[in-house]
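Have the structure open as you read.

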Amino acid sequence: NWQAWAVLVTLICTLFLLFLEKGPPDQLMLGALALLWNLGIVSTSDALRGFGNPGLVTVGALFVVVQAVDKARLVERGARKILGYDTTERMALLRLCLVTFVLS
């Protein structure tokens, strides 16, 4: 069935482009949807119905949060505070274990 192969190739290419950060995720995903729509695999009603899915909205919101955390360098700051600047590997591991113990 050629439709299944087209979806598989589109999915693999889209994930590869997302992994390499070749464009904004929303544009890459919309491009994949447009391709499948133009091939007649996805109908217009199915394509539009997917945007009303709460899971999609949640993933989209998480992309915004991840971009904000990345821009603010919060992970790097937190890692430096937890692991320290001038410590041995053993001390960094101990600090990481203690933080994990407290947060879990």
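Contact here means heavy atoms within 4.5 Å. This is a predicted model, in which local features need pLDDT of at least 70 and side-chain atom pairs count only at pLDDT 80 or more, while totals for chains, interfaces and linings use all residues. Residues are numbered from 1 along each chain as its sequence is written, and side-chain values use heavy atoms, with hydrogens and water left out.

**Around Leu-36**
- Leu-36 sits in helix 2 (residues 25-38); helices are DSSP runs of H or I with at least four residues, numbered from the N terminus.
- With a relative accessible area of 12%, Leu-36 is buried (buried is under 20%, exposed over 50%, partly exposed in between, with a 1.4 Å probe and protein chains only).
- Setting aside neighbours within four places in sequence, Leu-36 touches Ala-6, Val-7, Thr-10, Ile-41 and Val-42.
- Leu-11 is 25 residues from Leu-36 along the chain, and their C-alpha atoms are 10 Å apart.

**Salt bridges**
- Side chains of opposite charge can pair when their charged atoms come close.
- A salt bridge needs a side-chain nitrogen of Lys or Arg within 4 Å of a carboxyl oxygen of Asp or Glu, and the count comes to 2.
- Asp-46 pairs with Arg-49, with 2.4 Å between the closest N and O atoms.
- These two residues are 3 apart in helix 3 (residues 44-50), so about one helical turn separates Asp-46 from Arg-49.
- Asp-46 is partly exposed at 41%, whereas Arg-49 is exposed at 56%.
- Glu-76 and Arg-73 form a salt bridge at 3.4 Å, N to O.
- Glu-76 is partly exposed at 38%, and Arg-73 is partly exposed at 45%.
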